[in-house]
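Subject: Handover of a structure

Dear colleague,

Please find the structure below, with its sequence.

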Amino acid sequence: MKKHLNALALIMVIVLVVSACGNNNGNSNSSPSKASDPATTATTATTATTETPDSNKKVEFKFFSNNPDRTGGQGLAEQKLIDQYMSENQNVKITVETLSPDPQFQDKLKIYNASDNVPDVTMMWGQKRYLDPLVKNNALVTFTKEDFAGQGFIDAAFDSFTLDGKIYGIPKNTDFLVLFVNKKLLADNGLEPPKTQGDLFKITEKLKGTDIVPMALDGRDSWPLALLFDAVVARQSGGFDLYHKAIDRTGSFNNPDVVASAKTIQEMVKSGMFGEGFLNLDYGGARNLFGQGKAAMYLMGEWEMGISSDANFPEDVRNNMIVIPWPASDDGKGKTTDLLAWFGGGYSVAAKTENSAEAKKFAIWLFKKENWAKTVWQNGITFPAQNYDEFKTGKETQVQNDLTNILGSATIFSGANSQDLFSTSTAKSYLDAITEMMASKSTPENFAEKIDAIADKSYKEMNP
Amino acid sequence: MNKLWMEKRNIAVLIAPGLLFIIGMVLLPTAVALYLSFTNYDGVDYNLFNLSNYKEIFLHDSIFWDALRNSILLGIAFVVLQHPIAVLMAILTTHAGKWERPLRILIFIPSIISTFVTSQMWVSLLNVQFGLLNRMLTAVGLSSWKQDWLGNPDIAIYSIIFVAMWQGFGYAYLLYYAGIKGIPSELYEAAIVDGANKWRYGRSIILPLLMPVIRINFVLAIVAGFKQMETVFLMTGGGPSNSTQFLGTYLYSRAFRDGLFGYGNAISILFIVFCLVVTLIMNRLLKKDVGEF
């Protein structure tokens, strides 16, 4: 009996251990890291040689995107080009992983980096705080400007992806902050698109009592709030030097213009300009509010230019959309030709994966001007960081033309926006401080002191 | 046979798989977290080994203490509001006759729907402009009671607590209900023969016999308050301006959003310590033997 029980116990243990191992194997096979698993890649390679003897080695790599919608917007552009590349290169298979919103995407990228598992091609943001952890881990491939010679890139576009003289990413958009306006909704209430910040208050006053939100604002993500702050500070101080200097510590946030800007923003909130509950309104919520004709204006970057061709929204709204720059200051000091513009998003290629070289080849192909620049412009998706004049069709939408004019007539460009200049660990405190100020949880004076202290901490972290 | 089971080798062999699992999946990661909590690990490497994370938490990090306060608040709300109601409902449903079954199902349904779905549902219900709640208030002429339920930093935490209680109600109820069902019917008959009414039976027989269940449930509730993460993350993400931050969401935000994995680990270690201390205290406070039945 005892013998039997011993045997039984032993069998149970073995079964458990073996099944546990089995599970592990199953996991690693089905996990997204397939391409980097040498065993799996080896098998794919052998099957490839038998199936397609004429092509070279079969390669498979992963494209990590922040655009889950593959049928519209930048997701559509990515998918179109990926499909085209795969049909031109039969031996290449590109799988797409998507994750949204951006903060979650960035979180996951950090985990991928910490576990040495960065996807072959990944969406990336310029600026040191996004790039630094990956560069430190030698996780990214470097590019040279020659890789993109003749593709019409705006020269400054690579700056935000350059660290210690090396280029770690390819900029995809020229980003700038604008105000989308539903001009019919305004006209119905006897109003005109705002020219000054004072007009914004007038519009808000007039729309009081209707159920129309004057300006849809995504407050839950907090980064749009920081863009709003940048815009108001720029108008108040007449340029973008203030925050640049405060962050590189040749100046300070503890400045009357910052206090005055914070006051203006708090007044905007109190007047009901952003509607109730904007602090818990997310990206999609704000976009829908405007798209469904429930908001008269919508503060967002130019990358939402596809909103006027989004079939989910009523035609009545789409046909009446125009785009204007953030209004000028009442005293005329801050002009609409001072544009908060930056090169934010782009793509990077992982250095440590099996098919790194192939992925790099794809990334360079992707940014041939007849690929990315042409696709995004002609589909009305976004502004490339490349010259797109030759791809103009004359059939551009009103929104596209407005945006072109805003960009074309701008005389002063901000360079990076303020939040991108903070270190990784202080960026969120900075955004939190802005949210708190907008929730009237801090006075303008306290706010100015607080963000100045954060800027100081950030500077010390970035320049040890 | 008895001798056989007592033999140490057999015991060791039989518990080995579970033990290995706990060591590998719980104790080892905790040890690694403890080690990293003394570093400035950022996901790639670290170059410091000292107490600075803990110093920062204890001396300067007010958000951490707010998060802890919110966690405790939720735990208390579970114990003082959710559980008494759950016990009451459990006792009442056993007397509901033909309604017992439908009621039981109705009360438990929210618990089997995914947290993601119910959280999103509540986000829509509590929306300022289009939410059902505010629209109902307007419809009945109480528009002055309308609130920005999730966007106002002063109110958001109470909305979260309410939703978390609603989501967990089914399980709390089910445990009590099962506990009551486990009480033999002879006791009821004996009590009736002795002249007790239903109220007296509930107070003097059911409640005392339910004590072990209540005790476990209380501990679980407090720990659930500490562990709260997904509902908050889905509904407010800890905002606005950190007013609904819980230990779980704050830990996530420091480690993954700010890239301060060392700091996040320090929070997680304190998290474990708090949970252990609270469980210990609760067990001491509620220790009382119940007669057998």
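In what follows, a helix is a DSSP run of H or I with at least four residues, and a strand is a DSSP run of E with at least two, both numbered from the N terminus. The model is predicted.

I begin with chain B. By those terms, residues 105–123 of chain B are 89% helix and 0% strand, with the end C-alpha atoms 24 Å apart. This span is one of those that UniProt, in an unreviewed entry, lists under "transmembrane region"; the others are 12–38, 72–93, 155–176, 205–226 and 260–282 of chain B. Residues 72–93 of chain B are 100% helix and 0% strand, and their end C-alpha atoms lie 30 Å apart. The unreviewed UniProt entry also places the feature "domain: ABC transmembrane type-1" at residues 68–282 of chain B. Over residues 68–282 the chain is 76% helix and 0% strand, and the end C-alpha atoms are 17 Å apart.

The contact between the chains comes next. It draws 31 residues from chain A and 28 residues from chain B. On the side of chain A that touches chain B, α1 (2–30), α4 (102–114), α5 (128–136) and α16 (424–438) each contribute at least two residues. Which of them gives the largest share? That is α1(A), with eight residues. Sorted by class, this side of chain A holds twelve nonpolar, nine polar and ten charged residues.

Helix α5(A) also has buried residues, namely A:Arg129, A:Tyr130, A:Leu131 and A:Leu134. Their cover includes α4, β3 (121–125), β4 (162–163) and α16 of chain A. Just after the helix, A:Asn138 adopts a positive phi of about 50°.

Chain A also contains an open sheet of five strands, in the order β2-β1-β3-β13-β6, with mixed pairing. Its edge strands are β2 and β6 of chain A, each of which pairs on one side only. Strands β1 (residues 59–65) and β2 (residues 92–98) of chain A run parallel and are joined by seven bridges. In this pair, A:Val59 faces A:Val92. From β1(A) the chain passes through helix α3 (residues 73–88) to reach β2(A), in a right-handed β-α-β crossover. By contrast, β3(A) and β13(A) (residues 345–349) run antiparallel, with five bridges between them. Here A:Trp125 stands opposite A:Gly345. Helix α13 (residues 356–366) of chain A packs on the sheet and touches β1, β2, β3, β6 and β13 of that chain; the direction of the helix makes about 150° with that of β13(A).

One residue deserves a separate note. A:Asn173 sits in the loop between β6 (170–171) and β7 (175–182) of chain A. Is A:Asn173 buried or exposed? It is counted as buried because it has 23 C-beta neighbours inside 10 Å, and the threshold is 20 or more. Apart from neighbours within four places in sequence, A:Asn173 contacts A:Trp303, A:Gly344, A:Gly345, A:Thr382, A:Phe383, A:Pro384 and A:Ala385. Among these, A:Gly345 is the residue opposite A:Trp125 in the pairing described above. A:Asp330, on the other hand, lies 31 Å from A:Asn173, C-alpha to C-alpha, and the two are 157 residues apart in sequence.

With kind regards

Terms used. Residues are numbered from 1 along each chain as its sequence is written. Chains are lettered from A and ligands numbered from 1 in the order in which they are written. This is a predicted model: local features need pLDDT of at least 70, side-chain atom pairs count only at pLDDT 80 or more; totals for chains, interfaces and linings use all residues. Two residues are in contact if their C-beta atoms, placed from the backbone, lie within 7 Å. Ala, Val, Leu, Ile, Met, Phe, Trp, Tyr, Cys and Pro count as nonpolar, Asp, Glu, Lys and Arg as charged, and the others, Gly among them, as polar. A residue is buried if 20 or more other C-beta atoms lie within 10 Å of its own, exposed if 12 or fewer, and partly exposed in between; C-beta atoms are placed from the backbone. UniProt positions are given in the numbering used here, feature names are shortened, and annotations may be inferred rather than shown by experiment. Two strands pair if DSSP finds at least two bridges between them. A crossover is right-handed if, with the strands pointing away from the viewer, the path from the first strand over the helix to the second runs clockwise. Axes are lines fitted to C-alpha atoms, for helices over the stretch in contact, and angles run from 0 to 180 degrees between N-to-C directions.
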